[in-house]
Amino acid sequence: MQAPLGSVVREVIRELRGRKWSCLFVFMLVSATGLVVGMFWPHQYSASVTIYIDDQNIITPLMKGSAVESKAKDKVAEAKDIIMGRKSLGRLVDYIEQMENKALTEEGREKEILRLRRAITVRKRGRQFFQISYTDRKPDIAFLITQKIGQLFLEIQEENRREESRNAYSFVDKQVKAYQAQLSQSEDRLRQFLSENADGTEGSVQAKISQLKSQIELGELELEELISKRESIGKQLRGVNASISNKVVSDKSNDRIKSLQERLEVLQLSYHDSYPDIVAIKKQMKDIRSEAKTKSPEVSGDEEIVSYENPLYVELSSERAKTETAITAVKTRIDSLNNLLDKTLLRMEKVQQNKAELAELTRDTDVNRNIYNDLLRRRETARVSMHLSSEGQGVTYAIHDPAVYPLKPKGPQFIHFALGAIFLGMLAPIGLAGVYVQLDPRVRDASTVQEGIGIPVLVTIGQVVTPREHRRERHKTILIFILGGCFVAGYLIVGWLNYTGAVNG
C-alpha cells in the first residue's frame, strides 16, 4: 500500500538499511556500466572552415547599371545547396576513394553521400561569413575532408557563376536573333502593305473631299447664275424683233436717222429702254421723221422702205447660245466632280479599313523593335557580366579561417561518463527504493490504515532487534563499506588510467 508523503523518506531509509547488499550491487552495476560505456564511447572529431563573402569591391560602383552581378539573397542557403548537391558530394566521394585507396559500388556511393550529408553542417556566422563543419571519428579524416569541402565549394561556386553567366548570355543572344527575325518580317509586311495600298493618308483624302465639295458648291452656284442669265436673255429676246423695217430717205434726214439708230442699238445692248439717252434718241428720231413728212417730196427727196436683221436680236441670241454652252459645261463639270467625290468617298472607306490594319502592323513593328532594342542592351549587359565572372569580379568567396586539425573530440568525454556514472550509481539505489516503497502493497504506517480504511489504530509495535542481530548488521555494514571503498578506488584508478591514455578503451 502506498505510504504517505510524510513517511516516504523514513521508509526509503529503512529499505536502504534493510537491503544493503542490493544497494551495493546496484551502485557497482550502474557505475561500472557507465564507466565501460565511457571507455568505449566513439569519439567524434569536428573540423570547420569559415568562408567570407565579398560582395563589395571597386568594380561594383563602376559597373553599376552596366552589368548584373550573381548576388544571392540567402548566401547560407546558396552555399548549402552547392555543398549538399550531388555534384559536390560526388567529387568528395571520389576524393575519399582516392584517399582511402578503395573503390565503392553504386550502392556504396549512395550510402556514403547520405552519410556525408548527415555529417556536414552549414551555419551562418554574421552578415558576411558562414561556417562549414564536418564530423568524423578520425581527426585526420575530419581535417582533410573539411579542407576539401572548402576547396570544392569555391571551385563549384566559380563554375556555377561562370556557367550561369554564359547561359544567360546565350539565352539573351538567342532571343535577340529571334526578335531580329520577327522585326524583319514585321518591317517587310509593313513595307509591302504600304506599297500595295498607296491611297494616301486620311488627312489628305479628307482634304480632297473638302476641296471637291467646295468645287461642287461653286459649280452649283455658277449653274444657278447661268440659268438665271438664260432666263433673262430669253425675256429680252421675246421683246425684240428679229428684223427692223425703216423708210430710208435719200437725203440728210435719212442719214441722221441711220446714225441715231446705230447709236440706239449700241445703248440697248447695255441699258433698258427707260434709260434717258435711249429715250432722248428715240425722241430725236421721231422728230426727224415728223419733220421729214411735213416737207414736200420735192424737198425731201426719194424715200424707200428697207428691212434688215436686228443687231440686238443677233447679239442676244449669241449671248443665249453662249449661256447654254456654259450651262452644259458647268453641269458636266458638276457631274464629273460628283463622280470624283464618290470615288474619293470609296477611297476614304478603303483608307479607314487600311488604317486599322496599318495600325496593327505598325504596333507589331514598334513592339518588336522596342523588345529587340531592349534585348540588345540586355545582351551587352550579359556580355559584360560574363566577362566579370570570367575575371573573378562581382561577388567572390574566400576562405577566411581555414580548417584546423581537431585535437579534442566533440560531445561527451570520458570524464563526463566517469563522473556521471558514479553519481548515477549513488542515486540509483535511492531511486529504486523510493519506487519500491510506493509500489509495495504492504502497510508500512498506522496513518495509512486510518486514512485509507477508516479503522482506528490503538497501538503500533516496532521491530525488536537483539544485540546479536545488531552486531551482525554492524559487521555487514562495515564489510559493505569496505567493498564499496575498494570498488570506488578501483573505479578511480581505471578511470584515471583511461583518461591519461595508459589504458586505451
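Visitor: Where is the place of Asp94?
Guide: Asp94 sits in helix α5. Helices here are DSSP runs of H or I with at least four residues, strands are runs of E with at least two, and both are numbered from the N terminus. This is a predicted model, in which local features need pLDDT of at least 70 and side-chain atom pairs count only at pLDDT 80 or more, while totals for chains, interfaces and linings use all residues. Residues are numbered from 1 along each chain as its sequence is written, and side-chain values use heavy atoms, with hydrogens and water left out.

Visitor: Is Asp94 buried, exposed or partly exposed, and why?
Guide: Asp94 counts as partly exposed because its relative accessibility is 38%. Buried means under 20% relative accessible area, exposed over 50%, and partly exposed in between, with a 1.4 Å probe and protein chains only.

Visitor: How many residues apart are Asp94 and Arg109, and what is the spacing in space?
Guide: They are 15 residues apart in sequence and 9.1 Å apart in space, C-alpha to C-alpha.

Visitor: What residues do α5 and α6 bring together?
Guide: From α5, Arg86, Leu89, Gly90, Leu92, Val93, Asp94, Ile96 and Glu97 meet Arg109, Glu110, Glu112, Ile113, Arg115, Leu116 and Arg117 of α6. The axes of α5 and α6 cross at roughly 110° and come within 10 Å. That makes α5 roughly perpendicular to α6. Axes are lines fitted to C-alpha atoms, for helices over the stretch in contact, and angles run from 0 to 180 degrees between N-to-C directions.

Visitor: And α4 with α5, at what angle do they pack?
Guide: The angle is about 45°, and the axes are 4 Å apart. The two helices are therefore oblique to each other. On the naming: under 35 degrees counts as roughly parallel, over 145 as roughly antiparallel, 65 to 115 as roughly perpendicular, and the rest as oblique.

Visitor: Which residues make that contact?
Guide: Ile82, Ile83 and Met84 on the α4 side, with Arg86, Ser88 and Leu89 on the α5 side. Contact means heavy atoms within 4.5 Å.

Visitor: Switching to the sheet. What is the strand order?
Guide: The order is β2-β3-β1-β6, an open sheet of 4 strands with antiparallel pairing. Two strands pair if DSSP finds at least two bridges between them. The edge strands are β2 and β6 (396-401), and each pairs on one side only. Neighbouring strands are turned by 30° against each other on average, direction ignored.

Visitor: How many bridges do β1 and β3 have?
Guide: β1 and β3 pair in the antiparallel sense over 8 bridges. Ala47 stands opposite Tyr134 in β3, and Ser46 stands opposite Thr135.

Visitor: How many for β1 and β6?
Guide: That antiparallel pair has 5 bridges. Thr50 stands opposite Asp401 of β6.

Visitor: What does α4 lie across?
Guide: Helix α4 lies across β1, β2, β3 and β6, and it runs at about 165° to β2.

Visitor: How many residues are in the largest nonpolar core?
Guide: There are 29, and Ile120 and Phe130 have the most contacts inside this core. A nonpolar core is a set of buried Ala, Val, Leu, Ile, Met, Phe, Trp, Tyr and Cys residues joined through side-chain atoms within 4.5 Å.

Visitor: Which elements supply it with two or more residues?
Guide: β1 (45-54), α4 (75-84), α5 (86-100), α6 (106-119), β2 (120-124), β3 (129-136) and α7 (139-196). Helix α7 gives the most, with 7 residues.

Visitor: What is Ile120 in contact with, leaving aside neighbours within four places in sequence?
Guide: Ile83, Met84, Leu89, Leu92, Ile132, Ser133, Tyr134 and Ile149. There is also a second, separate core of 13 residues, which includes Val205, Ile216, Ile334 and Met348.

Visitor: Where is Val240?
Guide: Val240 is in the loop between α8 (202-238) and β4 (243-249). With a relative accessible area of 16%, Val240 is buried. Val240 and Val314 are 74 residues apart in sequence, and 9.9 Å apart in space, C-alpha to C-alpha.

Visitor: What pLDDT does the chain average?
Guide: The average is 76, and 78% of the residues score at least 70. pLDDT is the predictor's confidence in each residue, from 0 to 100. Confidence is lowest in helix α3 (residues 59-62), with a mean of 42, and highest in α6, at 87. The pLDDT is below 50 over residues 57-72, a stretch that has 25 contacts in the model beyond near neighbours in sequence.
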